[in-house]
Amino acid sequence: MKKKNPIHAYKRLLAKDQDWSYSFLIALEKKKLQRMHDCFKRESLLEHKDFVVRDIAVCIRLIDIFMENDAVFNTWLHQSFSGDLKFIKLKDGLYELDNTDRTIADFPVYVNIRNEKRFFRSTPIKDAKAEGKRDSAIRSIVSLRQLKALHLYHLIREYKLFEWWS
């Protein structure tokens, strides 16, 4: 069977090349990790193949988390911001979104916030909860989850990258 040219796998992605966008770089990394995952799963002769496949799959899921492309984030976003939007007309003739009766839904998964200072260098979640700013605390929890996923992604790549080929 003739092996398919790898350029075809990237054709659609490269057509949308954006040199200024970090998300394009991450999309390239994710695509390569997906191809590596499939290759190791299908053809690898490594002794520790199962661990390599697992690590790469975790990295792919972490990319989805910190790029806000996972099911949990999308569910939360839909619960929080779907529905009818109401606007208030300001004195200068412009309109502003009316947030008086709109509340953000609780984030559907647990995020450990005890070490928030390690990622934010302050305690925005703890402070927002103390001040009674529920919506601000939830937004900070979402940001904390993304920062933790990004950190873990880089940690796995730092410690495991060279092991994937040995």
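Good morning. I begin with phenylalanine 107, which counts as buried because its relative accessibility is 12%; buried means under 20% relative accessible area, exposed over 50%, and partly exposed in between, with a 1.4 Å probe and protein chains only. The model is predicted, so local features need pLDDT of at least 70 and side-chain atom pairs count only at pLDDT 80 or more, while totals for chains, interfaces and linings use all residues. Residues are numbered from 1 along each chain as its sequence is written, and side-chain values use heavy atoms, leaving out hydrogens and water.

Phenylalanine 107 sits in the loop between S2 and helix H5 (116-120); helices (H or I, at least four residues) and strands (E, at least two) are DSSP runs numbered from the N terminus. Beyond its neighbours within four places in sequence, phenylalanine 107 contacts Val72, Trp76, Ile138, Val142 and Arg145, where contact means heavy atoms within 4.5 Å.

I turn to the nonpolar cores. A nonpolar core is a set of buried Ala, Val, Leu, Ile, Met, Phe, Trp, Tyr and Cys residues joined through side-chain atoms within 4.5 Å. The largest has 17 residues, of which Leu33, Phe40, Ile56, Tyr153 and Trp164 touch the most other members. Helices H2 (22-43), H3 (49-66) and H7 (134-160) each supply at least two residues of this core, and H3 gives the most, with nine. Apart from this core lies another of 14 residues, including Ile104 and Leu144.

Lastly, leucine 97 belongs to strand S2 (residues 95-97). Leucine 97 counts as partly exposed because its relative accessibility is 35%.
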